[in-house]
Amino acid sequence: MPAISQNPFGEVRIDLREIPKTLRRELRPALKKTGDQVAQAARARASWSRRIPGAIRVKVLYGRARSGVVITVNRKKAPHARAYEGIAARMGNASSFRHPLFGDREHWYTQRTRPFLHPAAQARRAQVQADIVKVVADAARRRGFK
């Protein structure tokens, strides 16, 4: 039975590695559907870009190192997504980033970030947590757990 716990920050942690492989196949579509809700919101928030919405993907992982619903942006399709999200910001200033214009390293320009993934995840956080707990609990109940 997967361990379900809640930390002081209100995040639900489910150890998906402990779920039997037969049950994983059953859970994967439901967990992906839950992640797709956040991905769709992130795509809407990044609609100002031609490349970012198409580069957003949802994966369900059951690995040893990482397990859970993971939303990623393909850096080959949208290399600028990281900077706009504010991930690459240095010195704690996530509201802007600097870059040379057209490779001219003599002149650097400051540009504001336009986060899309983190705000989408935060806006849907409570619903996603409830959905994941419900999906795992329903699957466990169908397998005979109480």
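1. K32 is partly exposed, with a relative accessible area of 34%; the classes used here are buried for under 20% relative accessible area, exposed for over 50%, and partly exposed in between (1.4 Å probe, protein chains only). K32 forms a salt bridge with D36, and the closest N and O atoms are 3.5 Å apart. A salt bridge here is a side-chain nitrogen of Lys or Arg within 4 Å of a carboxyl oxygen of Asp or Glu. Because D36 and K32 are four residues apart in helix α1, about one helical turn separates them. D36 is likewise described as partly exposed, at a relative accessible area of 29%.

2. On provenance, this is a predicted model, in which local features need pLDDT of at least 70 and side-chain atom pairs count only at pLDDT 80 or more, while totals for chains, interfaces and linings use all residues. Residues are numbered from 1 along each chain as its sequence is written, and side-chain values use heavy atoms, with hydrogens and water left out.

3. The overall architecture comprises five helices and six strands. Helices (H or I, at least four residues) and strands (E, at least two) are DSSP runs, numbered from the N terminus. Along the sequence, their order is β-β-α-α-β-β-α-β-β-α-α. Of the 146 residues in the protein, 32% are buried. Contact means heavy atoms within 4.5 Å; among contacts between residues at least 6 apart in sequence, 53% join residues at least 24 apart. The protein exposes about 10100 Å², of which carbon and sulfur atoms supply 52%; accessible areas come from the Shrake-Rupley method with a 1.4 Å probe, and for residues only the protein chains shown count as cover.

4. The structure holds four salt bridges. One of them joins the side chains of R142 and E26, at 2.3 Å from N to O. This pair links distant parts of the chain, with R142 in helix α5 (residues 125-142) and E26 in helix α1, 116 residues apart. R142 counts as exposed because its relative accessibility is 57%, whereas E26 is partly exposed, with a relative accessible area of 32%.

5. Helix α5 also contains the pair D138 and K134, which lie four residues apart, about one turn of the helix. Their salt bridge has its closest N and O atoms 3.2 Å apart. K134 is exposed, at a relative accessible area of 51%, and D138 is partly exposed, at 23%. K134, D138 and R141 are linked in a network of salt bridges. As background, side chains of opposite charge can pair when their charged atoms come close.

6. Residue T34 belongs to helix α1 (residues 21-45). With a relative accessibility of 4%, T34 counts as buried. Apart from neighbours within four places in sequence, T34 is in contact with V128, D131 and I132.

7. The structure holds two aromatic pairs. One of these is Y84 with F97, an edge-to-face arrangement at 5.3 Å centre to centre and 80° between the planes. Because Y84 lies in helix α3 (residues 81-85) and F97 in strand β5, the pair ties together parts that are 13 residues apart in sequence. Rings of Phe, Tyr and Trp (its six-membered ring) pair if their centres lie within 6.5 Å; planes under 30 degrees apart count as stacked, over 60 as edge-to-face and the rest as tilted. Y84 counts as buried, at 14% relative accessibility, and F97 is buried, with a relative accessible area of 14%. Ring pairs link W48, Y84 and F97 into a cluster.

8. Strands β5 (residues 96-101) and β6 (residues 104-112) pair in the antiparallel sense over six bridges; two strands pair if DSSP finds at least two bridges between them. L101 is found in strand β5, and its bridge partner in β6 is D104. The hairpin of β5 and β6 has two residues between the strands, and F102 there takes a positive phi near 55°.

9. L101, F102 and Y109 make a nonpolar surface patch of about 370 Å². Patches are made of residues with over 30% relative accessible area and no salt bridge: like charges are joined within 9 Å, and nonpolar side chains (Val, Leu, Ile, Met, Phe, Trp, Tyr) within 5 Å. L101 is partly exposed, at a relative accessible area of 37%.
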